[in-house]
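Hi everyone, thanks for coming. Please take a look at the sequence and the structure on the screen, and then we'll walk through a few places together.

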Amino acid sequence: MNNIKVIAFDADDTLWVNETYFRDAEKEFAKLLSAYETENKIHQELYKKHIDNLKIYGYGIKGFVLSMVETALELSNSKINQKTINRILEIGKEMLEKPIDLLDGVEEVLQKLQGKYKIIVATKGDLLDQERKLEKSGILKYFHHTEVMSDKKEADYLKLIKHLDIYPSELLMIGNSLKSDVLPVVKVGASAIHVPFHTTWAHEKVNDSQKADTYKTVSKIKDVLLFS
């Protein structure tokens, strides 16, 4: 940590609960479409549609809702009724209006790191939604800068590092996703701490062969302070 100047935190499922709401929405969606397909098939088709649409809509709730609407139309051969479409749209609005449930220890960690390092948010998702969540979270005051990224690949982190005007070795990324928050970070020469969340989106999972020993893993975010 002696070389670290900037600590970047992922937002969803690192600072606050997020993935749980997507899984709950998927379950309700499957019930709405139960007349057309099995629950497992509905989940599979929604996942495929959501992934296919990432290149068009990007990450976030709005793209997820549009994917639900498209999936409903396809699975029902466009016979889905207006009431069900309206309910799908309501599910999306309810997700956007969820209260911000900070994970245990987040504010304590930010308080103790503040002043020692420049603290930023580096997250994926919809800009408006992420800004709203940060405002509602009560922790925006701890962050020097917020970066809502279209993706989190090596090239994206290199752009972030250039924007911050630091060397890769001066950045530490903290997040719950090995695929997005850890592996691409260490590949560009920065440091990372993995803080797993109990629920992981299938798109963010990696196999054992992709894992490495070039990052630290802690069981809870408070343990980040052990390295500071």
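First, some housekeeping. This is a predicted model, so local features need pLDDT of at least 70 and side-chain atom pairs count only at pLDDT 80 or more, while totals for chains, interfaces and linings use all residues. Residues are numbered from 1 along each chain as its sequence is written, and side-chain values use heavy atoms, with hydrogens and water left out.

Let's start with helix α2, residues 39-57. Where does α2 bend? The bend is at Ile 51, by about 25°. That angle is taken between axes fitted to the seven residues ending there and the seven starting there.

Now, which residues of α2 are buried? They are Ile 42, Glu 45, Leu 46, Lys 49, His 50, Asn 53 and Leu 54. Buried means under 20% relative accessible area, exposed means over 50%, and partly exposed is in between, using a 1.4 Å probe and protein chains only. The buried residues of α2 pack against α1 (19-32) and α3 (61-75).

Leu 33 has a relative accessible area of 0%, so it is buried. Apart from neighbours within four places in sequence, Leu 33 is in contact (heavy atoms within 4.5 Å) with Ile 42, Ala 72, Leu 75 and Ile 80. For Glu 97, 64 residues away along the chain, the C-alpha separation from Leu 33 is 24 Å.

Next, the cavities. How many cavities of 30 Å³ or more does the structure hold? There are two. A cavity here is a set of points, on a 1 Å grid over the protein atoms alone, where a 1.4 Å probe fits but cannot get out, and lining residues have an atom within 4 Å of a point. Grid points are joined across faces, edges and corners, and the volume is the space filled by probe spheres set on the points.

I'd like to show you the second largest cavity, with a volume of about 80 Å³. Its lining has 13 residues, and those nearest the centre are Asn 18, Tyr 21, Met 95, Lys 98 and Lys 133. At least two lining residues come from each of α1, α4 (82-96) and α6 (127-137). Sorted by class, the lining has nine nonpolar, one polar and three charged residues. Here Ala, Val, Leu, Ile, Met, Phe, Trp, Tyr, Cys and Pro count as nonpolar, Asp, Glu, Lys and Arg as charged, and the others, Gly among them, as polar.

On to the rings. A search of the whole structure finds two aromatic pairs. In one of them, the rings of Phe 9 and Phe 143 have centres 6.5 Å apart and planes at 70°, so this pair is edge-to-face. Rings of Phe, Tyr and Trp (its six-membered ring) pair if their centres lie within 6.5 Å, and planes under 30 degrees apart count as stacked, over 60 as edge-to-face and the rest as tilted. Phe 9 sits in strand β1 (residues 6-9) and Phe 143 in the loop between α6 and β3 (145-149), so the pair ties together parts 134 residues apart in sequence. Both Phe 9 and Phe 143 are buried.

Finally, some phi angles. Most residues other than glycine have a negative phi. Asp 13, however, has a positive phi near 70°, and Ser 78 has a positive one near 65°. Are these two buried or exposed? Asp 13, in the loop between β1 and α1, is buried at 6% relative accessibility. Ser 78, in the loop between α3 and α4, is exposed at 56%.

Thr 14 also lies in the loop between β1 and α1, and is buried at 3%. Beyond neighbours within four places in sequence, its contacts are Leu 103, Val 106, Ile 174, Gly 175, Asn 176 and Ile 221.

Definitions and conventions:
Helix = DSSP H or I, 4+ residues; strand = E, 2+ residues; numbered from the N terminus. 1 Å grid on protein atoms, 1.4 Å probe; cavity = no way out; pocket = protein on both sides within 12 Å on 5 of 7 lines; lining within 4 Å.
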